[in-house]
Amino acid sequence: MRNLNVAAAQLGPIQKTDDRKSVVARLIGLLREADSKKAELVVFPELALTTFFPRWFVDDITQADHWYETEMPSTVTKPLFDEAKKLGVGFCLGYAELTASGERFNTQILVERDGRTVAKYRKVHIPGHEHHEPDRPFQHAERYYFTPSNEGFGVWPAFNGRIGMMICNDRRWPESYRVMGLQGVEMILCGYNTPLHYVPDPSQDVLQGFHNALVMQSGAYQNGTFVVGVAKGGVEEGVDSLADSSIIAPSGEILAKTITNGDEVVTAVCDLDWCNNYKNTLFDFNRYRRPEVYGRITNQRGSVIE
Ligand code: CDT
C-alpha cells in the first residue's frame, strides 16, 4: 500500500476587488483545514489567486499585467509557501504567469511537503477566443491572454508516487491523460474554472456537471490513475461556474466530491498501488496498445474526410 491523503481545496468566487493578500489568507485557511484532515497534498484551482480575468477584454494587454505573477513565490504568496512547509503539506496552485521574456502562460506549480518546487505545468489546450466578441454576455478570451505551452504533459516522482498535472480544458482531451498514462502517471492534478453558460452552444449548459465527471472518470479509468479535479465555483462577477470538485479512483469511481459551490475541502486516502490493478490488466499498455495504427493522433490536427 502507498497511501496518499489528498485534498481538493475548492474555492468559491474571487471578485475583481479581492486583493491577492485576502485570497492568500483564504488559501491558507483551506490549507490548515486540509492539514487538520491529515492531507499531505492540497490541490487548489486554476487561476487561484485572482478572479477569472479572461472574461474581460482589454485592447492593450499590458493593462492586464497586474493579473499575472512574475515570480513564484512572491512577497504576497510566500506566506502560503511558508505555512505549507511549516505544516509539512504539499500543494498544487494555479496562477497566471508572465515570464521575464514576456510570455504569458496559464500555469500550475507543484510543491513538495518539504517546500521544494517539484515542477511547473503550463496549460496546453487553450479554449475560448483570441479577439473581442462584444455580443457575448461575457468574454472567454483565454486565447488572447495565454500562449499554449509546447512543453507538453510531464509526470514527476513526488509524494511517493508519479504525479502529473493538467489545467481545466486539458481535461476534456483524452490525449492529455494518455500522454501522462504513457509515463506511468498515478495521480493527475487539475484545477478548473468552467462557466455554466457555454456561449457557443447553450444546449450544453445543463450538461456541464455531467461532462466534467464524464471526462475525468473516463481519463482516470482508461489510464489507471487517480484524478483530482478542483473548481473555482459559484457566481464570480455575475458569471456562475461549476463546482463539483472531485477525487476519482483508477476504477473511475468518485471517492470524494464537494457539495457546495464555495470554499470547501474534501479529502480521500488514495492507495497509489490501486493504479496497478488497471495498469497491469485491462490497460496493460505494453501488451494491448496498437500505436502502429494510431498515427493520425499525432500526424493531423482536424478530422480529414476522404
Ligand atoms: N478555464 C477553462 O479552460 N474553461 C473551459 C471553459 C469552456 S471553453 C469556453 C473548460 O473547458 O472548462
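Asn160 lies in the loop between strand 6 (155–158) and strand 7 (161–167). In this predicted model, the residue has a positive phi of about 60°, although it is not a glycine. Asn160 is exposed, at a relative accessible area of 55%. A second case is Asp244, also not a glycine, with a positive phi of about 55°. Asp244 sits in the loop between strand 11 (239–241) and strand 12 (246–248). Its relative accessibility is 23%, so Asp244 counts as partly exposed. Most residues other than glycine have a negative phi, and most peptide bonds are trans.

The backbone also contains a cis peptide bond, which joins Met72 and Pro73. Omega is about 0° there. Pro73 belongs to the loop that runs between strand 2 (41–43) and helix 2 (78–87).

The protein chain as a whole holds eight helices and 14 strands. Its radius of gyration is 19 Å, close to the 19 Å that the globule rule gives for 306 residues, so the chain is as compact as a globular protein of that length. The C-alpha trace spans about 60 × 55 × 40 Å along its principal axes. Of the 306 residues, 52% are buried. Among contacts with a separation of 6 or more, 69% are between residues 24 or more positions apart.

The protein chain exposes about 13,700 Å². Carbon and sulfur atoms supply 51% of that area. The chain carries 32 positive and 39 negative charges.

Disulfides number zero in the structure. Cys190 is in none: the nearest cysteine sulfur, that of Cys168, is 6.5 Å away. A disulfide here requires the two sulfur atoms to be within 2.5 Å. Cys190 counts as buried, because its relative accessibility is 0%. For Cys275, the closest cysteine sulfur is in Cys270, at 8.7 Å, which is too far for a bond. Cys275 is likewise buried, with a relative accessible area of 0%.

Notes: Residues numbered from 1 in each chain as written. Predicted model: local features only at pLDDT ≥ 70, side-chain atom pairs only at ≥ 80, totals over all residues. Heavy atoms only, no water. Helix = DSSP H or I, 4+ residues; strand = E, 2+ residues; numbered from the N terminus. Rg over C-alpha atoms; globule rule 2.2 N^0.38 Å. Buried < 20%, exposed > 50% of the residue type's maximum accessible area, 1.4 Å probe, protein only. Contact = heavy atoms within 4.5 Å. Areas by Shrake-Rupley, 256 points an atom, 1.4 Å probe, with all protein chains shown as cover. Lys, Arg positive; Asp, Glu negative; His and termini not counted. Charge placed at Lys NZ, Arg CZ, Asp CG, Glu CD.
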